[in-house]
Amino acid sequence: MNFFFEVLIGGLLSGVMYALVALGFVLIYKASGVFNFAQGAMVFFAALTCVGLTEQFNLSLWLAIPLTMIVMVALGLAIERIVLRPLVNQPEITLFMATIGLTFFIEGLAQLLWGSQPHRLNLPIEDVPIEILMEKFNIIVSQFDVIAALICALLVTGLALLFSKTKIGRALRAVADDHQAALAVGIPLQQIWGVVWAVAGFVALVAGLLWGARNGVQFALTFVALKALPVLILGGFTSVPGAIVGGLIIGASEKLAEVYIGPMVGGGIEGWFPYVLALLFLLVRPEGLFGEKIIRRI
């Protein structure tokens with residue numbers, strides 16, 4: 001039983017980090033109706049930029065992080081201004097294809113600036129078991145995973161409160177419901193989009209630092225965004241609480257499936273089990289747990 005809880009807790013902690021990545025998708029989709037396929041590339045760009053500043057310019061980590069934050073906010077604003085704004089009122093598939101193009105551009109730019117070699121990112125958080133849990137309950141839980149999950153939880157909670165309790169949040173919800181109506185009542189649509197893309201850049205930075213410290217700063221970080229897709233399908237593309245709940249479900253289920261089902265099928269199912277779960281969920285509730293149900297008349 002202790003081993004079960006050990007696996008479950010580890011999965012839930014990973015799920016909180018998945019939720020943070022998924023939140024970047026949700027914020028942009030709520031504000032502009034754009035599925036930002038480039039979010040994973042932004043995570044990679046943020047982590048590689050931070051490491052590049054420390055290694056090539058000999059900057060301390062505490063100086064490199066705020067500088068990278070400025071770069072990511074500027075990147076988000078530039079994407080909104082140069083790419084999204086000229087494509088306003090274009091079909092959704094056009095916007096989606098634009099973000100796919102952005103993905104390859106950002107990935108190439110990151111490697112052009114900082115190189116394509118894998119890097120280590122050492123955050124001042126030790127990846128060691130928590131002694132009290134190991135001694136009293138014989139459960140091994142990484143201190144890094146707990147602190148990373150707490151950071152993600154605080155950020156997700158703060159953003160959820162920002163967009164649910166503040167004036168910006170009310171404007172965001174109005175924009176998400178109807179762009180034209182929001183413009184009619186004087187809501188500055190382009191400013192709201194700029195804020196959301198800037199926040200998405202900041203979220204990508206935090207996710208890049210945590211996942212980069214855990215798995216190394218390498219091209220594989222771009223695939224973290226793909227793991228957020230099942231999270232969005234389960235939680236709903238327009239729901240911040242859905243991103244949290246979906247992340248917890250995906251994180252826990254993939255770890256438990258790998259441990260208890262993996263040996264029966266030869267192992268290695270952690271990578272694809274979330275997508276199977278999401279596919280099955282689509283058949284039952286396509287809009288997600290917290291998404292708005294759309295009724296189509298035939």
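Reply: What follows covers the cavities, then a helix, then the cysteines.

This is a predicted model, in which local features need pLDDT of at least 70, side-chain atom pairs count only at pLDDT 80 or more, and totals for chains, interfaces and linings use all residues. Residues are numbered from 1 along each chain as its sequence is written, and side-chain values use heavy atoms, with hydrogens and water left out.

Searching the whole structure gives 2 cavities of 30 Å³ or more. A cavity here is a set of points, on a 1 Å grid over the protein atoms alone, where a 1.4 Å probe fits but cannot get out; lining residues have an atom within 4 Å of a point. Points are joined across faces, edges and corners, and the volume is the space filled by probe spheres set on them.

The largest cavity holds about 50 Å³. Its lining consists of V34, I79, V83, L84, L87, L95, A98, T99, L102 and W197. Helices are DSSP runs of H or I, at least four residues long, numbered from the N terminus. By class, the lining has 9 nonpolar residues, 1 polar and no charged. Ala, Val, Leu, Ile, Met, Phe, Trp, Tyr, Cys and Pro count as nonpolar, Asp, Glu, Lys and Arg as charged, and the others, Gly among them, as polar.

The second largest cavity has a volume of about 30 Å³. F44, L48, Q111, G115, S116, Q117, V217, Q218 and F219 line it, which makes 4 nonpolar, 5 polar and no charged residues.

Next, the helix. α9 covers residues 189–215, and its 27 residues should span 39 Å at 1.5 Å a residue; the end C-alpha atoms are 38 Å apart, which agrees. The expected span is 1.5 Å times one less than the number of residues. Because 20 of the 27 residues are buried, α9 is largely enclosed by the rest of the structure. Buried means under 20% relative accessible area (1.4 Å probe, protein chains only). After α9 comes G216, with a positive phi near 90°.

Last, the cysteines. There are 0 disulfides in the whole structure, a disulfide being a pair of cysteine sulfur atoms within 2.5 Å. The sulfur of C50 has its closest cysteine sulfur in C152, 15 Å away, too far for a bond. Both residues are buried, C50 with a relative accessible area of 0% and C152 with 1%.

Notes: Helices (H or I, at least four residues) and strands (E, at least two) are DSSP runs, numbered from the N terminus. Buried means under 20% relative accessible area, exposed over 50%, partly exposed in between (1.4 Å probe, protein chains only). On a 1 Å grid over the protein atoms alone, a cavity is a set of points where a 1.4 Å probe fits but cannot get out, and a pocket is an open set with protein on both sides within 12 Å along at least five of seven lines; lining residues have an atom within 4 Å of a point.
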